[in-house]
Amino acid sequence: MISKKPDQCESMEDIRNEIDTIDHKIINLFSERLHYVEEIVRFKHDEAAVIAQERKDFVINQRAKWAAEKGLDPAVFKKIYTVLVESNIKHELELLKSKKP
């Protein structure tokens with residue numbers, strides 16, 4: 001599908017199709033991100049390293065800042081990344097547990 005710029009869309013259906021295409025790309029990027037999350041467990045040896053509270057806080061706050069720089073609501077992206085990072089930590093902890101003898 002050829003992407004259109006917002007002002008090139010001629011109908012609500014065009015706009016919805018473009019949003020669907022963007023959302024699909026976002027999901028693919030989240031999937032790619034998860035592969036890196038899974039691989040980082042190779043370098044973490046305990047629960048504290050997985051939780052990495054300082055890194056967690058940094059990532060969430062930085063993404064909120066990036067959102068604000070693009071004119072997006074930083075509070076919304078802080079919530080999104082809080083859920084994402086907490087979910088990833090849970091997944092990492094499961095992987096860490098499964099790799100221990």
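**Salt bridges and a helix pair in a predicted model**

E39 and R42 are joined by a salt bridge between their side chains, 2.8 Å from N to O; a salt bridge here is a side-chain nitrogen of Lys or Arg within 4 Å of a carboxyl oxygen of Asp or Glu. The structure holds five salt bridges. This is a predicted model, in which local features need pLDDT of at least 70, side-chain atom pairs count only at pLDDT 80 or more, and totals for chains, interfaces and linings use all residues. Residues are numbered from 1 along each chain as its sequence is written, and side-chain values use heavy atoms, with hydrogens and water left out.

**Salt bridges**

- E39 counts as partly exposed, at 41% relative accessibility, while R42 counts as exposed, at 54%. Buried means under 20% relative accessible area, exposed over 50%, and partly exposed in between, with a 1.4 Å probe and protein chains only.
- K44 and E92 form a salt bridge through their side chains, at 2.9 Å from N to O. This pair links distant parts of the chain, 48 residues apart: K44 lies in the loop between α1 and α2 (47-51), and E92 lies in helix α4.
- K44 is buried, with a relative accessible area of 13%, and E92 counts as buried at 6% relative accessibility.
- E69 and K65 form a salt bridge in which the closest N and O atoms are 3.9 Å apart. Because they are four residues apart in helix α3 (residues 53-69), about one helical turn separates E69 and K65. Both E69 and K65 are exposed.
- Side chains of opposite charge can pair when their charged atoms come close.

**Packing of α1 and α4**

- Helix α1 (residues 12-40) packs against helix α4 (residues 74-99) at an angle of about 40°, with their axes 9 Å apart. Helices (H or I, at least four residues) and strands (E, at least two) are DSSP runs, numbered from the N terminus. Axes are lines fitted to C-alpha atoms, for helices over the stretch in contact, and angles run from 0 to 180 degrees between N-to-C directions.
- α1 and α4 are therefore oblique to each other; angles under 35 degrees count as roughly parallel, over 145 as roughly antiparallel, 65 to 115 as roughly perpendicular, and the rest as oblique.
- On the α1 side, the contact (heavy atoms within 4.5 Å) is made by F30, R33, L34, V37, E38 and I40. On the α4 side, Y81, L84, V85, N88, H91, E92 and L95 make the contact.
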